[in-house]
Every structure is written in C-alpha cells, then in structure tokens.
Amino acid sequence: MRPLSSPPENCRGRELDDLRYSAVTAKESMDLHRLRYLDKLRQFWDVDDLTELKFNRVDTLYGSDRTDQRFDVAADERVTWLLQGLYLPAQPRIAEIGCGIGAVLKRVLARYPDAEVWGLDISAAMITEATRLLGEGTRIHLELTQDDSLGTVPDRSIDLVICTGVFIHLLDIRVIRNYVREACPVLKPGGAFRFNARYWNPQLSFGNTLGGRMARFPYRVGWHSSLKRCNVSTVQADFNGLYFTLSEIETLTREAGLIPEQFTLLTEDVASAKGYVRVNCRKMGASDSDLRG
Ligand SMILES: C[S@@+](CC[C@H](N)C(=O)[O-])C[C@H]1O[C@@H](n2cnc3c(N)ncnc32)[C@H](O)[C@@H]1O
C-alpha cells in the first residue's frame with residue numbers, strides 16, 4: 001500500500017493529480033480504519049472461555065439468569081422468528097453472518113436435517129465452539145471471516161441469509177452495508193434475508209422544548225444519519241451499535257437490491273422509542289419482475 005503522507009513522484013506539482021491522490025488516500029485511510037475496527041471486533045468477540053462466550057457474548061445473562069434453559073429459550077425464540085412464514089425447500093441452503101457458537105444453526109438443522117449451512121464469524125473461538133456443537137460434515141461449512149464479506153458462500157445458491165445479534169453491536173456503517181450488499185448476490189432470486197438492528201425514532205426522542213426541537217432538526221433534514229460514514233478510528237469494539245430509523249433501514253436494504261417486507265419493532269424504551277427492529281427482506285424474484293412488467 002502507498003504511504004499516506006506524501007504523493008507519489010509522478011503526481012507532484014500537478015493540481016488535478018494531487019486532488020485525485022488526496023481522494024485515493026482518504027479512501028485508503030477510511031479502509032484502514034475499517035480494517036482496524038474489524039480487528040478490534042475480532043479481539044472483543046474472541047473470548048477463550050465457553051461460559052463467557054455463551055453468557056457474556058452470544059447472550060448477556062447474569063446472576064440467576066445465567067442458565068442453559070434461559071439461553072435455550074432466547075435462541076428458540078430467535079429461530080422461530082427467523083423461519084416464520086418461509087416456504088423453504090426440503091434441503092434448504094442457509095447462511096448465517098455472525099453464527100456465534102452455532103445456537104441458531106443447530107436449531108435450523110434440527111428443523112431441516114438435510115439443509116446445507118454456512119456459518120461465518122469474526123471470532124476464532126466462536127467458530128471452534130460452533131464446530132464442536134454442529135460437528136463436521138460435507139453440508140456444514142463454518143468459516144472465520146477475514147473481512148466483511150461472505151467468504152466462500154456460492155453466488156445465487158442460498159434460500160435464506162440470517163444475521164441476528166450482529167449489526168446491533170457494530171458502529172461502522174460500512175461493515176453493516178457491506179454485509180447487506182453481500183447478501184443479495186448469494187441469494188437465489190426470491191431468497192430471504194432476515195436480520196435485526198437497533199432502532200430509534202428521533203421524532204419521539206427529544207422533547208418539545210426549543211432545545212429538543214433544535215436537537216431533532218439535523219435528523220429531520222438528514223444531516224445526521226447512521227447511513228453516513230463516520231470516523232471509527234478511535235471507536236472501541238463492544239456491545240454498542242448504530243441506531244437506525246425505519247426509513248434508514250429501508251434505504252439500506254433497497255440500495256442492496258433487497259425488498260423490505262416486514263419490520264417488527266421490539267421497543268425497550270417507549271418514551272424515546274428506542275429498541276430493536278427485526279427486518280424481513282427478500283431478493284427480487286421472477287414473479288416480482290413480472291409484476292413490474
Ligand atoms: C451476539 S452474537 C450472536 C450469535 C448468533 N447470531 C446467535 O444469534 O446466536 C454476535 C456474533 O457476531 C459475531 N460478529 C461480530 N462482529 C462480526 C463481524 N463484523 N463479522 C462477522 N461476525 C461478527 C461475534 O463474533 C458473535 O459470534
């Protein structure tokens with residue numbers, strides 16, 4: 001990679017090339033920040049202790065709640081939503097972004113024993129544990145992600161892409177956007193993508209005082225948006241994540257070539273309308289193009 005501090009020889013003294021050079025280096029530096037952020041994520045999620053992996057990363061259960069039973073109830077509930085209302089073939093092909101210790105894929109395989117599954121995760125410890133839980137077989141592919149791509153998942157082959165509990169812990173929009181964009185090419189036409197994200201409604205999140213209205217204004221006119229790139233160079237990787245409005249989620253999915261079908265709000269804080277949203281979307285299928293004429 002080119003050093004970021006000085007332009008290459010053939011650019012010196014040429015204004016246009018200098019401008020182009022600054023654009024390239026700005027992009028390189030943003031990419032570098034993204035890759036560094038992914039490294040921080042890798043460290044955060046790579047916990048070398050099964051109890052911590054399970055109860056302090058995949059789920060956050062403390063005290064008397066820290067039981068396998070509580071973990072299983074939550075995982076069962078996630079999978080009920082992930083598979084609800086889908087007409088999958090008897091041997092579906094399913095890919096999960098951020099598969100963790102394999103809790104979701106284990107349940108998917110219990111429902112569809114002949115499924116072929118791909119589980120991708122940024123944490124080696126999670127992949128090791130998922131491999132232990134799911135076993136190895138020709139229809140089970142567990143992969144450590146090197147970046148924010150879908151690795152070896154074949155194009156136009158997948159019936160369902162799943163991503164739950166991952167975007168809610170990401171602060172770099174480029175990583176989220178890359179994953180949403182990657183889902184579309186691997187899906188079969190008409191295939192489904194289900195993910196969750198943090199949700200908020202800025203219109204309800206500030207009071208009606210002058211200060212509240214002023215704070216709301218930049219969101220209302222779109223100056224502030226979670227879809228805008230932000231500098232993550234000093235951001236730590238932890239449980240925090242970006243909050244999206246429903247209209248931002250709609251933009252995020254549509255710009256990736258997906259059709260948003262259903263948003264389900266799980267609102268934690270009624271006063272400020274903050275919480276989580278479950279998003280069901282789909283890649284356009286043959287019947288959609290018929291409808292569009
Ligand atoms: C809260 S756990 C959820 C695990 C699983 N989806 C489930 O519902 O049981 C989040 C998982 O996402 C993984 N993860 C976090 N950031 C990621 C990234 N940028 N790319 C891939 N996996 C990521 C973590 O390592 C962790 O296994």
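Biologist: Which elements each supply at least two residues of the shell around the ligand?

Modeller: Helix H1 (15-45), helix H4 (103-111) and strand S2 (116-121) each do, where helices (H or I, at least four residues) and strands (E, at least two) are DSSP runs numbered from the N terminus. This is a predicted model, in which local features need pLDDT of at least 70 and side-chain atom pairs count only at pLDDT 80 or more, while totals for chains, interfaces and linings use all residues. Residues are numbered from 1 along each chain as its sequence is written.

Biologist: And how many residues surround the ligand?

Modeller: There are 23, the closest being Trp45, Gly98, Gly100, Ser123 and Gly165, and a residue is near if its C-beta atom, placed from the backbone, lies within 6 Å of the molecule.

Biologist: Switching to H9, which residues there are buried?

Modeller: Glu248, Ile249, Leu252 and Thr253 are buried in helix H9 (residues 246-255), meaning that 20 or more other C-beta atoms, placed from the backbone, lie within 10 Å of their own, whereas exposed means 12 or fewer and partly exposed is in between. They sit on the same side of H9 because they cover an arc of only 130 degrees around the axis, taken from the directions from the helix axis to the C-beta atoms.

Biologist: What is on the other side of H9?

Modeller: Ser247, Arg254 and Glu255 are there, and they are exposed.

Biologist: Is Val58 buried or exposed?

Modeller: Val58, which lies in helix H2 (residues 50-58), counts as buried because it has 23 C-beta neighbours inside 10 Å.
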